[in-house]
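Open the structure in your viewer and keep the selection tool at hand. The tour goes from stop to stop, saying what to select and what is found there.

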Protein chains: 2
Amino acid sequence: MPQAVIPPAVILVRPQLGVNIGTAARAMLNCGLDELRLVAPREGWPNAHAWPAASGAVAVLEKARVFATLPEATADLTRLYATTWRGRGLVKWILTPEQAAQDIRALAAAGGRGGILFGPERTGLENEDLAGVDAVVSVPLNPAFPSLNLAQAVLLVGYAWWMAGNETPALRLEHGLSPLAGRAALDNFIARLVQHLDETGFFHPPEKRLHMLRNLEACFGRLQPTEQELRTLFGAIKALRYGPYRPPGKDEAEEAER
Amino acid sequence: MPQAVIPPAVILVRPQLGVNIGTAARAMLNCGLDELRLVAPREGWPNAHAWPAASGAVAVLEKARVFATLPEATADLTRLYATTWRGRGLVKWILTPEQAAQDIRALAAAGGRGGILFGPERTGLENEDLAGVDAVVSVPLNPAFPSLNLAQAVLLVGYAWWMAGNETPALRLEHGLSPLAGRAALDNFIARLVQHLDETGFFHPPEKRLHMLRNLEACFGRLQPTEQELRTLFGAIKALRYGPYRPPGKDEAEEAER
């Protein structure tokens, strides 16, 4: 699913550990983000610890660019979003990741480009970093336990951006090798089941038959079986009624259980 | 923000490493999930590696319960969601995390309780685990790079559940010690600015005055400043017009810059 819009840049400001740069790159690529910018990484760059931690997201690491200062890293961007909130006395719009995602996509559609800032692992962004940003992205997690590590913060913000452009159908039924049974096949199964049950005297007393029948119809009616599952059910019913399956000849029960 | 509804249980099926149980517990608590169930953890339980990895989510670990089998772990639950999709030939509803979150909350509102299954780190859930679940939760990430580690999978699914009950206002302006300026104060500022600019002959040629004025109004009109910021701006304008600020007496400019 290639994204039509240009994704935002991810800017790690003074990241401390190479391993965290690697896990952040992995989280980025999970969400279709591939432009990583590093501002004054503490351990320098490239960093050997980043590669194994990226679990295969090496393209992101290989393209990563290093800058000495935040203004240099963001010079070509249109709007900046900061992902921590330690600023005191600064006035900023606060967005959820979902709101920021909408904003970033609207900006991109208008020809602009967003950049998302993540601070150092231990301390987060400083007021000096925050003063110039356009908005703060705040993840409204459990207020009693809101702390995320760097890769998790990247993942949640990136996920919101990715999902804002995601068009997964609302509800899908995944099936295997067998096609889903058509409604006629299901209705036929239910009718045969009812016939067997009628023959065994299941519907008793008679005045309750309709209610019992409706329950069975409702139960199997929402089953949405495959053709294979339906054959299995046919076989199961025959086995229940007639006992274990009879060796001579390839009869219908054997076919049903294959 | 205490959740009114009972959160789903998180069930780690045959987790391999204690450290991953710890990071999963952290991700759970970030999202207000606190009931952890472990099915046959490979390294046994309790596991000393889990605690440091949980970064403070010790309450989740201390309450965690261990079960020998999946059916024992889920006996009291109403609906089961599996978070990997390696099953071949099984028919299951596939939900995004957001759809699952709605489903879990609707279930809870009706008195039921959901359980979310996560498989072993390396292999994910087996067909044997998947056969009985009600639905599969699939995170529709970058199809070219969809792999998540255990804690990240817990975080994304948990986050969707948490956000489905989250009522963060759509857009908030965070401010510091100073209250936001009223509209009258802002209008007054713009009027004074225009007066200064008129006096300096800024609006030239005269036929462009209105257009220039509208631009200034639009620019400052969306600023939403605090009272303190407005005082700073007043002072800046005076300094620009009259030069550096004059020592004798606490005049208006000094007040403005404080």
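Start by selecting A:E174 and B:K92; in β5(B), B:K92 is the bridge partner of A:E174. Keep in mind that this is a predicted model.

Now widen the selection to the two strands. Strand β8 of chain A, residues 172-174, pairs with β5(B) in the antiparallel sense, over 3 bridges.

**The whole interface**

Next, select every residue where the two chains touch. On one side there are 55 residues of chain B, in contact with 56 residues of chain A. About 4500 Å² is buried between chain B and chain A, and carbon and sulfur atoms give 61% of that area. Pick out B:V91, B:F145 and B:Y159: these three supply 16% of the area that chain B buries against chain A, more than any other three residues.

What kinds of polar link cross from chain B to chain A? The rule finds 14 residue pairs in polar contact across the interface, with both residues at pLDDT 80 or more. The number of salt bridges between chain B and chain A is 0.

Colour chain B by helix and strand. The elements that each supply at least two residues of the side touching chain A are α1 (18-30), β5 (92-95), α5 (97-109), α7 (150-164) and β8 (172-174) of chain B. Which of them gives the most? It is α7(B), with 7 residues. If you colour by residue class instead, the side of chain B that touches chain A shows 31 nonpolar, 18 polar and 6 charged residues.

**How the copies are related**

**A salt bridge inside chain A**

Over all chains, the structure holds 22 salt bridges. For one of them, select A:R14 and A:D129, whose closest N and O atoms are 2.8 Å apart. A:R14 lies in the loop between β1 (9-13) and α1 (18-30) of chain A, and A:D129 in helix α6 (residues 127-130) of chain A, so the pair ties together parts that are 115 residues apart in sequence.

**Backbone details**

The last stops concern the backbone. Most residues other than glycine have a negative phi, and most peptide bonds are trans.

Select A:W45 and A:P46: the peptide bond from A:W45 to A:P46 is cis, with omega near 0°. A:P46 is in the loop between β2 (36-39) and α2 (50-53) of chain A. Where is A:A40? Select A:A40 and you will find this residue in the loop between β2 and α2 of chain A. A:A40 is not a glycine, yet has a positive phi of about 45°.

Finally, move to chain B and select B:H204 and B:P205. A cis peptide bond joins these two residues, with omega about -5°. B:P205 lies in the loop between α8 (183-199) and α9 (209-221) of chain B.

Notes:
Residues numbered from 1 in each chain as written. Chains lettered and ligands numbered in written order. Predicted model: local features only at pLDDT ≥ 70, side-chain atom pairs only at ≥ 80, totals over all residues. Heavy atoms only, no water. Contact = heavy atoms within 4.5 Å. Buried area = accessible area lost by both parts, 1.4 Å probe. Salt bridge = Lys/Arg side-chain N within 4 Å of Asp/Glu carboxyl O. Polar contact = N/O pair within 3.5 Å; in protein donor to acceptor, adjacent residues only side chain to side chain. Helix = DSSP H or I, 4+ residues; strand = E, 2+ residues; numbered from the N terminus. Nonpolar A, V, L, I, M, F, W, Y, C, P; charged D, E, K, R; others polar. Pairing = 2+ DSSP bridges.
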